[in-house]
Amino acid sequence: MRDSYHDIVFDRGKSQAFDFEILPLENILTRKLDHDPTQLHRVQFFVMIIATAGEGKHTIDFKEYEYSDGSVLTIRKNQLHKFHKSSAKGYLILFTEEYVLSFLEQSGADKINRFFNELLFDQHTQIDKESFSAILSIINMIQDEFNSKIDIHSSRILRNYLQILISKI
């Protein structure tokens, strides 16, 4: 019997060339979507939530996580999750398994798969202020590259920034 949770597939939106997106966390509840993000839904891609200000709560596989400035939450493909209304600010980084497999070297893909495995790594990580400053610098480079004109080098640049970001966390 199939459950009744909404399956969410990756929406390529701006990134027509590859399955990667970065967007402001605070926009998720006002973004025009085909589902209610405050209700449990299953994603068919990877999600990183990086909080830069404020506080919030997020549910992943029926477990609630509180987060604040410096928090990183990871959601892997096929996990149920939901957003809670909050005033938190930050970033959502979304990418598909296909993106990981097609653009990353095998060792990089393995590292990302391990990083998103809740049995190996906590789904909620609190980063100290000094380390978080370095992480924000990487996120700013990701955002700048993503928001610039997409060209044949963009996917490789974003892939490298993503690998660096996960290594720093």
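F62 is exposed, at a relative accessible area of 56% (exposed means over 50%, buried under 20% and partly exposed in between, with a 1.4 Å probe and protein chains only). Y5 comes out partly exposed, at 28%. All of this refers to a predicted model, where local features need pLDDT of at least 70, side-chain atom pairs count only at pLDDT 80 or more, and totals for chains, interfaces and linings use all residues. Residues are numbered from 1 along each chain as its sequence is written, and side-chain values use heavy atoms, with hydrogens and water left out.

On to the rings. The count comes to 4 aromatic pairs, taking Phe, Tyr and Trp rings (the six-membered one for Trp) with centres within 6.5 Å; planes under 30 degrees apart are stacked, over 60 edge-to-face, and the rest tilted. One of them is Y5 with F62, edge-to-face at 6.3 Å centre to centre and 65 degrees between the planes. This pair links distant parts of the chain, 57 residues apart: Y5 sits in the segment before β1 (6-8), F62 in the loop between β5 (55-60) and β6 (63-68).

Now the strands, which are DSSP runs of E, at least two residues, numbered from the N terminus; two of them pair if DSSP finds at least two bridges between them. An open sheet of 5 strands has the order β1-β3-β8-β5-β6, with mixed pairing. β1 and β6 stand at its edges with a single partner strand each, so one side of each lacks a neighbour in the sheet. Within the sheet, β3 (residues 41-43) and β8 (residues 80-83) run antiparallel, joined by 2 bridges, and R42 has L80 as its bridge partner.

Strand β2 (residues 20-24) is largely enclosed by the rest of the structure, because 4 of its 5 residues are buried. 5 bridges join β2 to the antiparallel β9 (residues 89-95), with E21 opposite L94.
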